[in-house]
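These are my notebook entries on a set of look-ups. I record each item in the order in which I took it up.

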Amino acid sequence: MARSVTPRRKALNTAAAWSVGLLIFFPILWTILTSFKTEAQAIADPPLFLGFDWTLENYATVMERSNYGRFLWNSIVIAGGSTLLGILIAVPAAWSMAFVPSKRTKDILLWMLSTKMLPAVGVLYPIYLLSIQFGVLDSKIALVVILMLINLPIIVWMLYTYFKEIPGEILEAARMDGASLKEEVLYVLTPMAIPGIASTILLNVILAWNEAFWTLNLTAAKAAPLTAFIASYSSPEGLFYAKLSAASTMAIAPILILGWFSQKQLVSGLTFGAVK
Amino acid sequence: MSLKHKLFAATALSLITGSAALAETITIATVNNGDMIRMQGYTDDFTAETGIDVEWVTLEENVLRQRVTTDISTKGGAFDIMTIGMYETPIWGANGWLVPLDDLSAEYEADDILPAMRAGLSHDGTLYAAPFYGESSMIMYRTDLMEKAGLEMPAEPTWQVIREAAAKMTDRENDINGICLRGKAGWGEGGAFITVTANSFGARWFDEEWNAQFDQPEWKEALEFYVGMMEESGPAGYATNGFNENLSLFQQGKCGMWIDATVAASFVTNPNDSTVADSVGFALAPNSEGVEKRANWLWAWALAIPAGTQKEEAAKAFIEWATSKEYIELVAAKEGWANVPPGARTSLYENDNYKSVPFAKMTLDSINAADPQNPTVKPVPYVGVQFVAIPEFAGIATEVSQEFSAAYAGQQSIDEALEKAQALTNEAMEAAGYR
Amino acid sequence: MATQHSRSAARFMMAPAVVLLLGWMLVPLTMTLYFSFKKYLPLRGGDLGWVGFDNYVRFVTSSAFWPSVMTTLIIVGGVLLITVVFGVLLAILLNQPMWGQGIVRILVIAPFFVMPTVSALVWKNMFMDPNYGLLAYLWEFFGAQPVEWLSQASLTSIIMIVSWQWLPFATLILLTAIQSLDSEQLEAAEMDSAPAFKRFIYIVLPHLSRAVTVVILIQTIFLLSIFAEIFVTTGGAFGTRTLTYLIFQRVLESQNVGLGSAGGVYAIILANIVAIFLMRIVGKNLDA
């Protein structure tokens with residue numbers, strides 16, 4: 001696929017792509033820069049780009065005021081737990097849809113996706129009342145289950161598209177060799193599907209990490225994840241841009257770093273496996 | 001082991017078991033305002049005194065309201081103490097959702113709570129929430145800019161005087177706006193401000209039969225005055241400015257005057273945050289010439305205990321600590337008298353140390369100028385100055401203030417905004433069964 | 001390939017996911033339906049009895065209803081348009097040979113990692129604020145009057161914020177699709193000295209149709225229910241009240257659960273109309 005181009009053309013491409021890339025990334029970069037300024041520098045006129053006294057005071061303030069470690073841990077458990085639970089339930093479903101399709105398979109898939117369109121606010125009271133009934137208000141379990149349910153359609157759909165790309169002949173051959181259904185799934189299918197599953201996991205961790213309605217409304221102190229952490233730094237009295245930036249950076253950094261290190265899987269994950 | 005050591009060990013042990021028996025954790029939902037964040041910083045003092053641990057859920061005001069309202073109306077029990085205001089307290093108290101605070105200890109001196117605050121946080125004479133701090137509204141102005149404009153602030157200014165002064169102080173070249181006022185949508189933001197402004201023009205929300213009054217000339221006069229003045233002398237984008245936006249504008253020296261919560265006085269006079277700390281003057285909120293009501297609102301952030309909590313005693317202990325005289329003294333000792341939570345206790349305003357704080361007297365006078373029982377010139381069927389203490393009000397007023405903000409931003413005319421406000425208010429009042 | 005045995009096994013394996021989602025859909029849906037026929041006012045004592053279709057009539061005849069549907073459609077449509085158009089352009093650009101492609105790709109996908117609340121807060125305060133926002137400085141720098149983004153150009157601003165969040169997604173899907181385009185085909189066209197524009201119209205675009213379908217389908221699902229971006233920036237003022245937001249106002253701000261639930265039922269109906277529309281019109285593309 002390597003097309004030969006003149007160095008001039010390549011330089012032009014590079015310049016254009018980098019400009020656009022930096023432009024898109026700029027709001028994040030600006031947030032990170034602002035987090036190292038004092039509150040006064042954060043609103044300085046003209047804006048300060050690099051020529052300011054870098055300070056860690058915002059991070060110190062945030063660490064002193066909030067138990068960041070607990071918010072972070074809750075986010076990790078909720079995002080990780082809901083994703084893993086979702087995968088466990090989705091793998092068999094996606095497998096059967098991909099390899100034993102029936103006339104209704106596509107309808108079921110689209111129906112599953114359509115459940116995602118339920119407006120969350122409309123069911124806040126019912127879900128809140130249910131959580132009280134089950135005694136799971138402000139617990140990580142409740143959020144793990146709810147976020148799993150919210151993202152399950154996406155997980156099933158992604159896995160389905162990945163599984164469909166696995167040639168049926170291989171399974172056929174395994175079955176000829178007398179492999180049981182369990183063996184088939186465990187030893188033939190799973191290894192081939194690992195990259196797809198990895199992408200799915202990554203994407204869903206991101207979606208769960210960023211979910212901000214249920215995680216805010218069903219938690220108090222014990223189970224609150226980073227979305228609640230942010231809500232305590234948005235628009236307080238007085239200047240707050242620098243502290244908000246520090247808190248924002250702390251909330252998005254873990255997922256940004258995760259994305260950075262697993263870029264390749266993520267890129268195919270972001271395509272929802274739907275495009276070859 | 002010597003006897004001494006043994007004794008020591010025994011005492012230590014009993015201390016540990018003693019405190020273990022008491023070791024309870026209460027969860028408190030609060031707003032991320034400066035005074036509350038300061039209170040969080042002193043939590044350790046409370047824990048050391050009582051052995052009760054505190055978990056804080058600190059949220060931005062809008063999220064907090066949504067969060068605590070859901071929890072209390074479903075009896076969710078996620079919190080042992082909620083930070084609520086003067087609007088919620090009587091309504092929730094009437095529903096039996098709050099633990100009455102009528103048995104606080106004698107040392108607490110509940111009678112010391114300012115009568116205005118006490119009245120606003122009670123239902124049928126029973127106190128349901130203890131004020132952490134209270135506020136009214138007043139004028140904060142730049143003495144240096146006033147002088148430059150060759151003016152003097154009267155002790156009891158009228159809107160007309162304010163408008164003229166604002167125009168004279170405005171200096172667009174140097175980014176100085178004569179006046180900064182709230183325009184942000186939301187019943188507690190611009191909604192509260194325009195309501196007290198309308199009161200001071202003789203308007204009211206409802207007549208005695210609960211008919212919306214936006215079709216009356218007083219509302220139109222108030223809105224036209226407000227928009228006219230803001231266009232002459234207000235900052236760009238005032239339709240999205242709330243308390244916080246105006247606070248930072250004032251602190252950065254971009255406002256000549258600012259009419260807002262009395263608690264802001266300590267922020268604008270604090271040299272750490274404010275570039276204009278030493279040139280701020282205070283005056284009573286204005287009225288329109290000939291109208292006997294001033295634009296004074298009345299509000300308190302207060303601590304309340306949801307009925308049904310298992311930790312009522314611990315919660316009460318915390319409330320007694322956080323709203324006590326001793327807490328005020330603690331903050332005064334560590335951060336100075338100007339930074340103590342204001343507007344809650346009579347004794348604070350009798351304290352000689354506090355009397356020397358420049359805004360103390362004006363705060364008290366402003367609080368006393370507000371009358372929730374008679375908020376407007378004409379008779380009304382409701383209680384509350386910048387709000388109407390009925391459950392439907394928050395929703396209605398938020399939508400009304402959104403229509404107003406759209407008019408401030410020039411998206412619709414004042415007449416259109418008033419017409420829509422009239423329709424939607426009557427619609428909602430009908431839905432709620434008032435009309 | 002499908003034997004009777006594997007069919008029943010398949011059903012068995014699908015069961016957990018289907019049952020769970022059915023439950024997730026039915027339980028809240030039933031409760032929403034139940035509340036929607038009640039006068040349910042938590043602040044006035046809760047359940048005040050059955051009211052038939054009152055809530056439905058009231059919700060749909062309220063002056064706020066149709067504008068909110070329009071706003072929803074404008075936001076969804078606007079974001080789809082921007083992300084698809086710019087996504088295609090960006091994908092083509094990123095597909096060109098260049099230095100540091102991997103890093104550029106990271107820069108471009110980064111907004112997708114940012115929580116909606118955070119991105120709304122950052123845009124609102126640090127970019128769109130008419131006094132301290134960077135955009136205001138930029139406008140002033142060029143001698144222009146700063147725009148009061150969130151009041152005077154409220155819908156545009158919200159579409160901008162949401163598009164920023166979703167552009168990475170669209171770009172990546174489209175980029176992957178372009179990369180799978182048969183380069184021989186393109187080279188042949190290049191040999192025929194077909195102009196670049198024609199190559200784009202006749203070869204690249206048709207190839208991208210499936211990817212565009214995926215972008216539209218997935219984004220619509222997420223965009224119909226955007227909430228945080230509006231809650232943080234305008235609170236529904238200045239004509240940015242979507243149907244989701246209107247329901248939020250009814251349920252939480254007005255504390256009228258019955259009315260809000262009726263709104264929820266309308267939102268479900270709207271979502272399904274959009275879904276059916278999507279499935280019929282573009283769903284075919286998904287087979288392949």
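This is a predicted model: local features need pLDDT of at least 70, side-chain atom pairs count only at pLDDT 80 or more; totals for chains, interfaces and linings use all residues.

Entry 1, a loop residue of chain B. I looked up Asp124(B) and found it exposed, because 9 other C-beta atoms lie within 10 Å. The cut-offs that I applied to C-beta atoms placed from the backbone are these: buried means 20 or more other C-beta atoms within 10 Å of a residue's own, exposed means 12 or fewer, and partly exposed lies in between. Asp124(B) sits in the loop between strand S4 (122-123) and strand S5 (126-127) of chain B. I took helices (H or I, at least four residues) and strands (E, at least two) as DSSP runs, numbered from the N terminus. Although Asp124(B) is not a glycine, its phi is positive, at about 50°.

Residues are numbered from 1 along each chain as its sequence is written, while chains are lettered from A and ligands numbered from 1 in the order in which they are written.

Asp175(B) belongs to the loop between helix H8 (159-169) and S8 of chain B. Is Asp175(B) exposed or partly exposed? I recorded Asp175(B) as partly exposed, because 14 other C-beta atoms lie within 10 Å.

Entry 4, the sheet that includes S8. I read the order S8-S9-S7-S10 (chain B) for an open sheet of four strands with mixed pairing. Strand S8 (177-180) and strand S10 (280-284) of chain B each have a single partner strand, so one side of each is left without a neighbour in the sheet. From one strand to the next, the twist averages 20°. I counted two strands as paired if DSSP finds at least two bridges between them. Strand S7 (residues 137-142) and strand S9 (residues 255-261) of chain B run antiparallel and are joined by five bridges. For Tyr141(B), I found Met257(B) as the bridge partner in S9(B). Helix H17 (residues 360-369) of chain B lies across S7 and S10 of chain B and runs at about 25° to S10(B). For such angles, axes are lines fitted to C-alpha atoms, for helices over the stretch in contact, and the angles run from 0 to 180 degrees between N-to-C directions.

Entry 5, the sheet of five strands. I noted an open sheet of chain B with mixed pairing and the order S2-S1-S3-S11-S6. Strand S2 (52-59) and strand S6 (130-135) of chain B are its edge strands, each pairing on one side only. The average twist is 15° from one strand to the next. Strand S1 (residues 24-31) of chain B pairs with S2(B) in the parallel sense over eight bridges. I identified Val57(B) as the bridge partner of Ala29(B) in S2(B).

I used domain 1 (3-135 + 298-355) and domain 2 (138-297 + 378-431) of chain B, with bounds from an automatic or database domain assignment. The C-alpha centres of these two domains of chain B lie 31 Å apart. Eleven residues of domain 1 of chain B are in contact (C-beta atoms, placed from the backbone, within 7 Å) with eleven residues of domain 2 of chain B. On the domain 1 side of chain B, helix H5 (88-94) and S6 are the elements that give two or more residues.

I listed 13 helices and two strands in chain C. Of the 288 residues of chain C, 52% count as buried. Which chains touch chain C, and with how many residues? With chain A, 82 residues of chain C meet 80 residues of chain A. Helix H1 (residues 4-36) of chain C gives the most to that side, with 16 residues. With chain B, the contact takes 24 residues from chain C and 30 residues from chain B.

I found a cis peptide bond between Asp45(A) and Pro46(A), with omega about 0°. Pro46(A) is placed in the loop between helix H2 (39-42) and helix H3 (57-65) of chain A.

Technical notes: Two residues are in contact if their C-beta atoms, placed from the backbone, lie within 7 Å.
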